[in-house]
Amino acid sequence: MQFSCLLHGGDYNPDQWLDRPDILAADIDLMKKAHINCVSVGIFAWSRLEPEEGRYDFDWLEAIITNLYQNGISTILATPSGAKPAWMSRKYPEIRRVSRDMTRDLHGKRHNHCYTSPVYREKVRQINTALAERFAHHPGVILWHLSNEYGGKCYCPLCQQAFCGWLREKYGTLDALNKAWWTDFWSHRYSSWDEIEAPVPAGEESVHGLNLDWNRFCTHQTNDFIRWEAESVKAVRPDLPVTANFMYFFDELDYYTLKDSVDVISWDAYPTWGENEESEAEVARRFAFNHDLMRSLKKQPFLLMESSPSATNWQPVSKLKRPGVHMLSSMQAIAHGSNSVQYFQWRKSRGAFEKFHGAVVDHYGGSDTRVFRDVAQVGERLEALGGLIPTCNRSQVAIVYDWENLWAVNDAKGPRNCGLKYRETVLSHYAPFWKMGINVDVIDETCDLDGYRLVILPMLYLLRDGFAEKLRRFTDQGGTVVATYWTGIVDSTDLCWLGGMPGDGLMELFGLRSEEIDALYDGQYNSIKPQQSGLFPAKDYRVSELCDLVIPSTAQTLAVYGSDFYAGRPALTVNQFGQGEAYYIAARAEDAFQEDFYGALAQKLHLDRALSCTLPEGVTAVRRSGDSFDAVTVMNFTPTPQEIRFPETAEVWETGAPVNGALSLAPYEVVVLKLAASSR
């Protein structure tokens, strides 16, 4: 959905300041100075909203929302289920989660509740319904914020029982389950449904099908709870949209399963700018990937629901943002498809866990601070960029990042238990496109492949039912597929394919068979030596960690290994399949290989770039496309000035100033260009 403007605001906790009306009054004035037009309210306010069971106190909340609205500030209203009040934990102990050590949690922290508990669900339904009846039609409320950062697993008897019920529905019979999980191994065959328990350290953790299905079930149960929350507020006003804030590389939950339970995707981004081990450009690539992932979930603009205007307090080192980095970080989100920049938090808490977390307004309480000025400048800029709202990011390239594959890879027990590095591998294949300024969608195996020219499968170990056929059809119709080592090893229940790998028909697609895979110790290397294919410069590339030994059938060898007993064997192949091509990268290669390989493919496939030029190291460009005009955001993630030259005619979006083929960027500067849509 679209809002009337780019949203600028953040988490506002007036419930912490109800005894300070002077501070609440000052907040309104400060929000106006900071160009804030939207705040999220009530996220952890249950104990204020329902101080005693069944007694709701909403008057203070209505006064806040009305005052905000009268001053031109909209409200994203939260349901309070992210942290229950103490009276509820004491009266209803079953709602407290049971941890993996099988002990029931005491009251405390947050996300401390069981998603399965009928009691907790009913309490959530009651307060959500009451909130909706009071506020769903308030003109200041534009969006529901369901709970906060859903996550966590419960191992209580209710969840164990629900898990068994979910398994019975999925498999139908114990014979089918035993076959899918290969339970004859170590005599783990089940003879009764009630023998099945969730995987825990003190019990069963060696049946990979069990582990995989437990992760699926936990996503299912969380998703069911999200739907429960959404239905409780939409029953009062169905057209008021809902969101739930997702998180950075959150392994526990499959966000592609959750995406249809919310109307708007939102997420919380906290880049670690200024780390010693990474440059700003490396940090930017990681978070660009996550922005692209969130946009790709629905293939629509998303909301940046939380970010820090300065430092966090929970990372190992609370590093301040350098001058210019807050604007750059905020505009990076907009470039990749966000229609908001919002913060945690508006005003610093005076006590407890997050009292030193960054905020727009710190304990000093004034507007004459560096952070406040940075935030106000972002607000001013977002107002000037309101015309971006109808635009969206369009991609010809898709990278498959699949949660079920992630769970299975991490549980594989071989060939490198010291680290298969699935996530790092995916990012290494994403990086060249970020450097070239080529838009990328991040998809999973449930997604359609229509409209893409290039689909990349880094370490797609687990093949879900039907995905191999999608790949075959996509390639046959003229698409290009790139897969790496450790692809097509197991089926959807984590059983190895028989008859050769990659399985499920991918041997035919790639024109080869994987015979065995060599795992290298850290510090051991081999090399890839390109043959005279014209695809690469005449140089060798270092490889490490995993080297797949493949036997081509119809595939053509483009590069070979340089050493060890498999020197001269294929390390990179291409296979003609129908009207398309399927490439196979057999080893974990250094970044230079990915850059040269995908650079050549981009040229061969005529992939659209944000700007028709080579970008300097640490500079990227991202395009949002509209009907008449496109927006290209050019970002310098380096501490040094940069200059780029490009053939397109453009102008600065906010000012209309012409930019004729050359653009100078100060350190950490970001410029938004307007180009005619037909110039692509």
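This is a predicted model: local features need pLDDT of at least 70, side-chain atom pairs count only at pLDDT 80 or more; totals for chains, interfaces and linings use all residues.
Tutor: Residues are numbered from 1 along each chain as its sequence is written, and side-chain values use heavy atoms, with hydrogens and water left out.

Student: Why is the pair Asp-263 and Lys-234 called a salt bridge?

Tutor: A salt bridge requires a side-chain nitrogen of Lys or Arg within 4 Å of a carboxyl oxygen of Asp or Glu.

Student: What makes the pair Asp-263 and Lys-234 a tie between parts apart in sequence?

Tutor: Asp-263 is in the loop between helix H9 (255-258) and strand E6 (264-268), and Lys-234 is in helix H8 (residues 208-234), so the bridge ties together parts 29 residues apart in sequence. Helices (H or I, at least four residues) and strands (E, at least two) are DSSP runs, numbered from the N terminus.

Student: Why is Asp-263 called partly exposed?

Tutor: Buried means under 20% relative accessible area, exposed means over 50%, and partly exposed is in between (1.4 Å probe, protein chains only). Asp-263 has 31%, so it is partly exposed.

Student: How do you know whether Glu-581 is buried or exposed?

Tutor: The relative accessibility of Glu-581 is 15%, so this residue counts as buried. Its salt-bridge partner is Lys-604, with the closest N and O atoms 2.8 Å apart. The two link distant parts of the chain, with Glu-581 in strand E18 (residues 580-585) and Lys-604 in helix H17 (residues 591-605), 23 residues apart. Lys-604 has a relative accessible area of 44% and is therefore partly exposed.

Student: What makes Asp-402 and Arg-464 a salt bridge, and are they buried or exposed?

Tutor: Their side chains meet at 3.0 Å, N to O, and both Asp-402 and Arg-464 are buried. The two also belong to a network of salt bridges, whose members include Lys-170, Asp-213 and Arg-216.

Student: Why is Tyr-120 called buried, and what does Tyr-120 touch?

Tutor: Tyr-120, in helix H5 (residues 118-135), has a relative accessible area of 0%, so it is buried. Contact means heavy atoms within 4.5 Å. Not counting residues up to four places away in sequence, Tyr-120 touches several residues, among them Trp-46, Met-88 and Phe-225. Tyr-120 and Met-88 are 32 residues apart in sequence and 8.9 Å apart in space, C-alpha to C-alpha.
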